[in-house]
Amino acid sequence: MILTAGLVGAVAAALVCIGSALGASAPSPAIPHRIVSLNTCADQFLIALADKTQIAALTQFARDPTLSFYADRARAYPISGGQAEAALNLRPDLVIASPYDRAETVALLKGRVSILALKPADSFDEVISDTRAVALAIGHPERGEALIRSMRARVDAAGRRPMGGVAAQYQRGGFITGPGTLMDDLMTRAGLINLARRLNGASLGQLSLEQIVYQHPDFLILTDEGGAGGRDEGSLSLDHPALVDAVPPSRRLYIPPALTVCGGPSYPDALERMQAEADRAKAARR
């Protein structure tokens, strides 16, 4: 049985509403006792919501501090190599996978174990939906609602700021992140105008060094502070004199990649970090 996060999230939201209307907690499904994650974004949800004894394995990326929000906490959990065969050897009763996994991986799992297909969240609304989906699937909807309340409180406290400058997330190879992405959602909440919205409107575009200098954004958003030295040909030439003149280091906003690789419990931290970096950069311009 394969369930998508969107379907499970809708069911979870409906159960919450029903439970509220009846003045009682919504019923939980059977609680899985052995959960295997084949999805990097599922790792953080499981660490945040599951009993430790429920987690049979996280992904091999769960302990990587550049990819995982809970890298330190993940060291207390077993990991797997990510292959379907290895997952089945752990005798799971639930596997959380990605809808983008290879067809042969899904085919091997299908019919042998329950599967939750979790798509990466591209907005805070989708983070909420995914939280409910995972919490319901693992048998802890009340923990999901508690996490949602906590995240909403922090996001509401951060607020939606008035627009305060044009920014571009400039990545390896000159790619910039556009609308319909988690970074665009964070930029909007932080009060920044995404340059990509003015250019092509696609979720991902590409600009040459000359083009980004010509566009002259107020800020560059970088997810690798150590990349400021232009380490290889695929990295940005952030130390190029023309780019330094257009957007000096004081106007570069560094967001650790582990905060934005996935939309999940890391979302409030990512928003708070972006706002703090924007405030720092704006203060430096005065």
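Here are some notes on this predicted model, point by point.

1. **Ground rules.** Residue numbers start from 1 along each chain as its sequence is written, and side-chain values use heavy atoms, with hydrogens and water left out. Because the model is predicted, local features need pLDDT of at least 70 and side-chain atom pairs count only at pLDDT 80 or more, while totals for chains, interfaces and linings use all residues.

2. **Overall make-up.** The chain holds twelve helices and eleven strands; these are DSSP runs numbered from the N terminus, with helices being H or I of at least four residues and strands E of at least two. Of its 286 residues, 47% count as buried, where buried means under 20% relative accessible area, exposed means over 50%, and partly exposed lies in between (1.4 Å probe, protein chains only). Among contacts (heavy atoms within 4.5 Å) with a separation of 6 or more, 64% are between residues 24 or more positions apart.

3. **Confidence.** The mean pLDDT of the chain is 85, and 83% of the residues score at least 70; pLDDT is the predictor's confidence in each residue, from 0 to 100. Please take care with residues 14-22, where pLDDT stays under 50 and the model has nine contacts beyond four places in sequence. Residues 226-230 also stay under 50, again with nine such contacts. Where pLDDT is low, the predicted coordinates should not be read in detail.

4. **The open sheet.** Four strands line up in the order β8-β6-β10-β11, with parallel pairing. The edges belong to β8 (193-194) and β11 (252-254), each with a single partner strand, so one side of each has no neighbour in the sheet. Strands count as paired if DSSP finds at least two bridges between them. Helix α12 (residues 267-285) packs on this sheet and touches β10 and β11, its direction making about 155° with that of β11; the axes are lines fitted to C-alpha atoms, for helices over the stretch in contact, and angles run from 0 to 180 degrees between N-to-C directions.

5. **Strand β6 and its partners.** Both faces of β6 (residues 166-169) are covered, with V166 and A168 buried on one side and A167 and Q169 buried on the other. Two bridges join β6 to β8, and three join β6 to β10. A167 has N194 as its bridge partner in β8 and stands opposite F219 in β10. Further along the sheet, three bridges link β10 (residues 219-222) to β11, where I221 faces L253.

6. What does the side chain of D184 make a polar contact with? The partner is the side chain of N194, at 2.9 Å; a polar contact is a pair of N or O atoms within 3.5 Å, where within protein one must be able to donate a hydrogen and the other to accept it, and residues adjacent in sequence count only if both atoms are side-chain atoms. D184 lies in helix α8 (residues 182-189) and is buried at 3% relative accessible area. Beyond four places in sequence, D184 is in contact with G178, P179, N194 and R197. T177, in strand β7 (residues 175-177), is buried at 7%, and its side chain has a polar contact of 2.8 Å with that of Q171.
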